[in-house]
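Here are my notes for a first reading. Please keep the model open beside them.

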Amino acid sequence: MTIGAYSEAAIEADPDLPIIRITRDFAATPAQLRAAHVDPELFARWVGPDGMRTRIGVWDARSGGEWRYVAERGGEVFGFRGCFHTVGETVIVQTFTFEGMPDDVSLETIRFEDLGDGRTRLHAQSLVDSIESRDAWLRSGMEVGIDQGYAKLDTLLADGEVRGSW
């Protein structure tokens, strides 16, 4: 099934600002994509690259809430944390920190655009503190985790495991 122009994640750096933009289409409603991002059990099943196990520590998906999870693979443990600034029906605004670099915080905005016919375009934007930080993120191999994570989310959606409410 062709789901749209962005069946693979498009990852772009703003040429003038320390911003990374990701665009990806899904065969899902905006409510399903929102649920996949705010339900901790669903989120843990799809986020990150293949072979990583995600354990949720804290997950308070409401405006003003907080989150923390760890990703594990082969004895390596990576911690991530942040705050949910806004959790709306079609937008999530949150902070994101890799605990290995605790002074670096990005501001992330995720929007779900209804394309009709059960398709939704995800627009994600991450603002970091400098062009150098942005470029380091891009060199980190982040696209592998994004592509593999979204492929797992595609499978959860196709299997009917993501309902439209949470």
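1. Terms first. Helices (H or I, at least four residues) and strands (E, at least two) are DSSP runs, numbered from the N terminus. The expected span of a helix is 1.5 Å times one less than its number of residues.

2. The basis. This is a predicted model: local features need pLDDT of at least 70, side-chain atom pairs count only at pLDDT 80 or more, and totals for chains, interfaces and linings use all residues. Residues are numbered from 1 along each chain as its sequence is written, and side-chain values use heavy atoms, without hydrogens and water.

3. Helix α4 covers residues 142-158. Its 17 residues should span 24 Å at 1.5 Å a residue, and the end C-alpha atoms are 24 Å apart, which agrees. Glycine 160 follows α4, with a positive phi near 70°.

4. Now the strands; two strands pair if DSSP finds at least two bridges between them. β3 (residues 53-59) and β4 (residues 66-73) run antiparallel, joined by 6 bridges. Valine 58 stands opposite arginine 68 in β4. Glycine 64, in the turn of this hairpin, has a positive phi of about 90°.

5. β4 also runs antiparallel to β5 (residues 76-87), with 8 bridges. Arginine 68 has arginine 81 as its bridge partner in β5. The β4 and β5 hairpin has 2 residues between its strands.
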